[in-house]
Structure formats: structure tokens, C-alpha cells
Amino acid sequence: MLKLSEKATEFEQLPFAEQATVIWRQGRPVATRHLPDFRLHLYAVDRFFVEMWVCRRRFVVTLFRVIPDTDELMPYIDEKVPVNLARRNVIGP
């Protein structure tokens, strides 16, 4: 289980536009999932993960969601998307 870092909590409290700025400047793309109405792009930011929800119909970002638990990364792994967390040194020192 992943404990939310102080920076992840700070990110959650930012206004939407500032969250987008953090993602574009500091985020590293990790994987993408396809749902019927959305594409979910997973980003590593600092030492936490954020999903960016993009509406497939309107092509707009509708939500940024911090992943609070490593179990929530399983759908990305289940879709056979290459996710090598150890190599990216996203979690841990």
C-alpha cells in the first residue's frame, strides 16, 4: 500500500489549472488505459502517481486523480502496458 506523500496531498489541494501545470512540467508519462468514454493517462509526479482523465468525445481533460494505493495501478498492469516502476525510480529513494 502506498501512503500519500505530503506533496501528493498538496497536489490534490491545488486548483485544476495549477494541477495541469504540474503535470505538464513535472509529470512523466507511464501508461494509458482506454475506457469507453475516457482515456486515462498515468503520470509519475515527484514520488506519486496521477491519472489524467481525458474525455474521448470532447478531447478535454476532465479530472486529475492522485492514485492513493498501489493496488489501483493493477488495471494498468492487467492491460499488459509496460510499467517498470523500479527502473524509473518513482517510488523509494
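**A walk along a chain of charges**

Hi everyone, let's begin with Arg 65, which counts as partly exposed because its relative accessible area is 27%. Before I go on, please keep in mind that this is a predicted model.

So what does Arg 65 pair with? Arg 65 makes a salt bridge with Glu 72, and the closest N and O atoms there are 2.7 Å apart. Glu 72 is partly exposed too, since its relative accessible area is 28%. Salt bridges with shared partners tie Arg 33, Glu 51, Arg 65 and Glu 72 into one network.

Glu 51 and Arg 65 form a salt bridge with their closest N and O atoms 3.1 Å apart. This pair connects distant parts of the chain, with Glu 51 in strand E3 and Arg 65 in strand E4, 14 residues apart. Glu 51 also meets Arg 33 in a salt bridge, at 3.8 Å from N to O. Here again distant parts are linked: Arg 33 sits in strand E1, residues 28-34, and lies 18 residues from Glu 51 in strand E3. Are Glu 51 and Arg 33 buried or exposed? Both are buried, and for Glu 51 the relative accessible area is 1%. In total, the structure holds three salt bridges.

Asp 69 is buried but has no salt bridge. Where is the nearest side chain of opposite charge? It belongs to Arg 65, 9.8 Å away. What the side chain of Asp 69 does reach is the backbone nitrogen of Asp 71, at 2.8 Å. You'll find Asp 69 in the loop between strand E4 (61-66) and helix H3 (74-78).

Next, a look at the backbone. Most residues other than glycine have a negative phi. Asp 46, though not a glycine, has a positive phi of about 55°. Asp 46 lies in the loop between strand E2 (38-45) and strand E3 (48-55), and it is partly exposed, at 35% relative accessibility. Phe 59 also has a positive phi, near 55°. Phe 59 is in the loop between E3 and E4, and it counts as exposed because its relative accessibility is 67%.

Last stop: Val 45, in strand E2. Val 45 is buried, with a relative accessible area of 1%. Its contacts beyond four places in sequence are Val 22, Ile 23, Gln 26, Gly 27 and Val 50. Val 45 and Ile 23 are 22 residues apart in sequence, with their C-alpha atoms 7.0 Å apart.

Definitions and conventions. Residues numbered from 1 in each chain as written. Predicted model: local features only at pLDDT ≥ 70, side-chain atom pairs only at ≥ 80, totals over all residues. Heavy atoms only, no water. Helix = DSSP H or I, 4+ residues; strand = E, 2+ residues; numbered from the N terminus. Buried < 20%, exposed > 50% of the residue type's maximum accessible area, 1.4 Å probe, protein only. Lys, Arg positive; Asp, Glu negative; His and termini not counted. Salt bridge = Lys/Arg side-chain N within 4 Å of Asp/Glu carboxyl O. Polar contact = N/O pair within 3.5 Å; in protein donor to acceptor, adjacent residues only side chain to side chain. Contact = heavy atoms within 4.5 Å.
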